[in-house]
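Dear colleague,

I am handing over the structure we spoke about, and it is placed just below.

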Amino acid sequence: MNSNEEVRKGIDWVFIVRELQRHFAPSATVRELRTMAAGLGIKRFKAGEPVFAEGETGDSLFIVRSGGLALSRKNRRPKK
């Protein structure tokens, strides 16, 4: 798959469209899904690399294709 960039891009695009349809827009047409997918891309993270930090304003949606995520919070005092 990595030997042919166009094939990899095509597989990535199909993944994005299928995940959009599966999780967010099950009744969307292929045309609508294509429009949504046009502005999206694949981002790869290394093991242990932060995806985002606590307190950051969210402006992205992440779908895990392979691997997993661990969510953690900074140490906080318990509320009384």
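**Overall fold**

The secondary structure of the protein chain comes to two helices and zero strands. Its radius of gyration is 17 Å, well over the 12 Å that the globule rule gives for 80 residues, so the chain is more spread out than a compact globule. Please bear in mind throughout that this is a predicted model. Along its principal axes the C-alpha trace spans about 50 × 35 × 20 Å, and of the 80 residues 14% count as buried.

**Salt bridges**

A search of the whole structure finds five salt bridges. In one of them the side chains of Asp 12 and Arg 44 meet, at 3.6 Å from N to O; this pair links distant parts of the chain, since Asp 12 belongs to helix 1 (residues 5-23) and Arg 44 to the segment after helix 2, 32 residues apart. Asp 12 is buried, with a relative accessible area of 4%, whereas Arg 44 is exposed at 51% and Arg 65 is partly exposed at 36%.

Within helix 1, Arg 22 and Glu 19 lie three residues apart, about one turn of the helix, and they form a salt bridge in which the closest N and O atoms are 3.3 Å apart. Arg 22 counts as exposed at 60% relative accessibility, while Glu 19 is buried at 10%. Salt bridges that share partners join Glu 5, Arg 8, Asp 12, Arg 44 and Arg 65 into one network.

**Aromatic rings and a nonpolar patch**

Arg 65 has a further contact, in that its charged end sits over the ring of Phe 15, 4.6 Å from the ring centre.

The structure holds one aromatic pair. The rings of Phe 45 and Phe 62 have their centres 6.0 Å apart and their planes at 65 degrees, so the pair is edge-to-face. Both residues lie in the segment after helix 2, 17 residues apart, and Phe 45 is partly exposed at 28% relative accessible area, as is Phe 62 at 37%.

Finally, Phe 24, Leu 61 and Ile 63 make a nonpolar surface patch of about 280 Å². Of these, Ile 63 lies in the segment after helix 2 (30-38) and counts as partly exposed at 32% relative accessibility.

Note on methods: Residues numbered from 1 in each chain as written. Predicted model: local features only at pLDDT ≥ 70, side-chain atom pairs only at ≥ 80, totals over all residues. Heavy atoms only, no water. Patch = residues over 30% accessible without salt bridge, like charges linked within 9 Å, V, L, I, M, F, W, Y side chains within 5 Å. Areas by Shrake-Rupley, 256 points an atom, 1.4 Å probe, with all protein chains shown as cover. Salt bridge = Lys/Arg side-chain N within 4 Å of Asp/Glu carboxyl O. Helix = DSSP H or I, 4+ residues; strand = E, 2+ residues; numbered from the N terminus. Buried < 20%, exposed > 50% of the residue type's maximum accessible area, 1.4 Å probe, protein only. Phe/Tyr/Trp six-rings, centres within 6.5 Å; stacked < 30°, edge-to-face > 60°. Lys NZ or Arg CZ within 6 Å of the ring centre and 35° of its normal. Rg over C-alpha atoms; globule rule 2.2 N^0.38 Å.
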